[in-house]
Amino acid sequence: MSLTAQQTRHFRDSGYLRLPGVVPEPLAARLRRLVRDEVALSLPAATDARVTTDARLTTGTRVATDAPGGLPKLYRLYERDPELVGELITTPRLVGALRSLLGPNVVYVLNRHNQAAVNGPGTSEPRLHRDVLQWSRGLVTAVVYLEESTVASGCTHLVPGSHFLPFVGVPQSDGGGTWMDEHVEFADLLDQALPVPVPAGGVLLFDSLAFHTVSANTSDRGRMSLVLGFRSADELDRYPDRGRQIVVSGGHLYRGNDRAPGPPPLPRTPDRDASAPAVPREEALRRPDASGVPR
């Protein structure tokens, strides 16, 4: 299930890798049903949202529309069904690819991405951005396509090699990334993004510093995807925040050179993984959302 040396090199050099056939169709069907049902529960009865029987969401859906063009997003995906999403984030081919890129100790983060997105007809306008600010707290973004992503349905566009571009500091008061069109340093690359279509069940992995965007959906059908974030376990973090990360491979490890001598470490709770009991769904969804997205 590991990547080949050529695939790993392509990711390192270009900043992305397309992998078809990662998610089996029975699992994808259950995930589509989850997104459809959760969107229906999250929407006030008074909205004009429409959820069709084939799990495609049309224009008018309003869950959280913080993306350009009003792209609907459903946050806190894992908390909505830890067992089902836990099955997804431990899918062998996905974990194998992540281990090739991140090493043997990999965590899924709950406080970046962890969402479903629906690119309905006409809902999005392209706007290139990064998902994180700088490389030392890097992330691998994994977009899982539950429906085929084509040029017409608004597939992801990405600027190859843009993860090597310089950093520009904190560009806005909220959010974790960088909008490419807000910085003159990147003006000459705004028209260099390439489309990356992916079949249903496939995954697009990319360096979160690579500039990318969902593109405009010019078709008459919606396109559903899940956006997940993974990183290596931090070997210098003696007390990792287990409430915001889930081990999907290996475990937490501490390799700081202050381990001995010194006082014994404080008691720690066991590593939380995708199979561990989760916070009750109702409690998790009631918690304040640091992003400010309305619940």
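This is a predicted model: local features need pLDDT of at least 70, side-chain atom pairs count only at pLDDT 80 or more; totals for chains, interfaces and linings use all residues.

Biologist: What makes β3 and strand β12 a pair?

Modeller: Pairing asks for at least two bridges between two strands, and three bridges join β3 to strand β12 (residues 223-232), so the pair meets the definition. The two strands run antiparallel.

Biologist: How do you know that β3 also pairs with strand β13?

Modeller: Four bridges join β3 to β13 (residues 245-249), and since at least two are needed, the term applies here as well. This arrangement is antiparallel too, and in it Val 109 stands opposite Gln 245.

Biologist: Which way do the residues of β3 point, and are they buried or exposed?

Modeller: From β3 (residues 106-109), Val 106 and Tyr 108 point one way while Val 107 and Val 109 point the other way, and all of them are buried.

Biologist: Why is Arg 76 called buried?

Modeller: Its relative accessible area is 11%, and the cut-off for buried is under 20%, so Arg 76 qualifies. Arg 76 is found in the loop between β2 (73-75) and α3 (77-80), and its phi is near 55°, a positive value in a residue other than glycine.

Biologist: Which residues have the most contacts inside the largest nonpolar core?

Modeller: That core has 41 residues, and those with the most contacts inside it include Ile 89, Tyr 108, Leu 205 and Phe 230. Helix α2 (residues 25-42) gives the most to this core, with six residues.

Biologist: What makes Ile 89 a contact of Phe 230?

Modeller: A contact requires heavy atoms within 4.5 Å, and Ile 89 is listed as such for Phe 230, so the two have heavy atoms within that distance. Leaving aside neighbours within four places in sequence, Phe 230 is also in contact with Leu 94, Leu 98 and Leu 102, among others.

Biologist: Where do Leu 94, Leu 98 and Leu 102 lie, and are they buried or exposed?

Modeller: These three are in helix α5 (residues 92-102), and they are among its buried residues. The helix is followed by Gly 103, whose phi is positive, near 95°.

Conventions: Residues are numbered from 1 along each chain as its sequence is written. Side-chain values use heavy atoms; hydrogens and water are left out. A nonpolar core is a set of buried Ala, Val, Leu, Ile, Met, Phe, Trp, Tyr and Cys residues joined through side-chain atoms within 4.5 Å. Buried means under 20% relative accessible area, exposed over 50%, partly exposed in between (1.4 Å probe, protein chains only).
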